[in-house]
Amino acid sequence: MNSCKAMSSLPRPLEFAPGVWRALMEDLGRRSAGEREAGAFLCRTHHSSQVRRWICYEALDPLALHHDYIRLETVAFARLADVCSLEGLIVIADIHSHPGGPVQSESDRRHPMIAIAGHVALIAPRFASDIIRPRDVSFNWYRGNHRWRSYFYFDAAALITAP
Ligand SMILES: [Zn+2]
């Protein structure tokens, strides 16, 4: 019962290395191509707390984007672990695009990509097809047991540093 109280009540802000946010949004927009959701895991290195790299879902599972919603087969997580250990990366968040607004779908809430309390899932609106700023995305903080806390607009922007 008390374990919940021991957990931090505020998410850790997400800090991107310079230029990474813009390049990530361009990549998502290109992969979404205005017609499908695309996504990626966001990684830091062992020596930095900043997001420095992203690993696209398609690179892990070519069929990831071919369902009604993004879905990764179990083997994709084994590949993710391989890439991370090979390149010294640690997954700290994920992101995917939505056609409309950045609100989590029922499936997003029920199927966290990384089902560990504290994980962060960002959602970019409009298939990331135009300029997406931190205040345009939702910052969704996983609390375990399919519970999330979501931050929007300036509350999301306050949790994201993206120079
Ligand atoms: Zn979604």
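Two strands count as paired if DSSP finds at least two bridges between them, and the strands themselves (E, at least two residues), like the helices (H or I, at least four residues), are DSSP runs numbered from the N terminus. The structure in your viewer is a predicted model, in which local features need pLDDT of at least 70 and side-chain atom pairs count only at pLDDT 80 or more, while totals for chains, interfaces and linings use all residues. Residues are numbered from 1 along each chain as its sequence is written.

**The hairpin**

Select β6 (138–144) together with β7 (147–151), which pair in the antiparallel sense over 5 bridges. Between the strands of this hairpin lie 2 residues, and asparagine 145 takes a positive phi near 55 degrees there. Glycine 144 stands opposite arginine 147 in β7, and tyrosine 142 has tryptophan 148 of β7 as its bridge partner.

**The sheet**

Now extend the selection to the whole open sheet, whose 6 strands follow the order β3-β2-β4-β5-β6-β7 with mixed pairing. Its edge strands are β3 and β7, each of which pairs on one side only. On average, neighbouring strands are turned by 30 degrees against each other, direction ignored, where axes are lines fitted to C-alpha atoms (for helices over the stretch in contact) and angles run from 0 to 180 degrees between N-to-C directions.

**The core**

Which residues touch the most other members of the largest nonpolar core? Among its 42 residues they are Phe41, Leu42, Cys43, Leu122, Ala124 and Phe139. Such a core is a set of buried Ala, Val, Leu, Ile, Met, Phe, Trp, Tyr and Cys residues joined through C-beta atoms within 7 Å; buried means 20 or more other C-beta atoms within 10 Å of a residue's own, exposed means 12 or fewer, and partly exposed lies in between, with C-beta atoms placed from the backbone. The largest share of this core, 5 residues, comes from β5. Centre on alanine 124, whose contacts beyond four places in sequence include Met25, Ile95 and Val137.

**A last stop**

Finally, select alanine 158 in the loop between α6 (153–157) and β8 (160–161). Alanine 158 counts as partly exposed because it has 13 C-beta neighbours inside 10 Å.

How values were computed:
Two residues are in contact if their C-beta atoms, placed from the backbone, lie within 7 Å.
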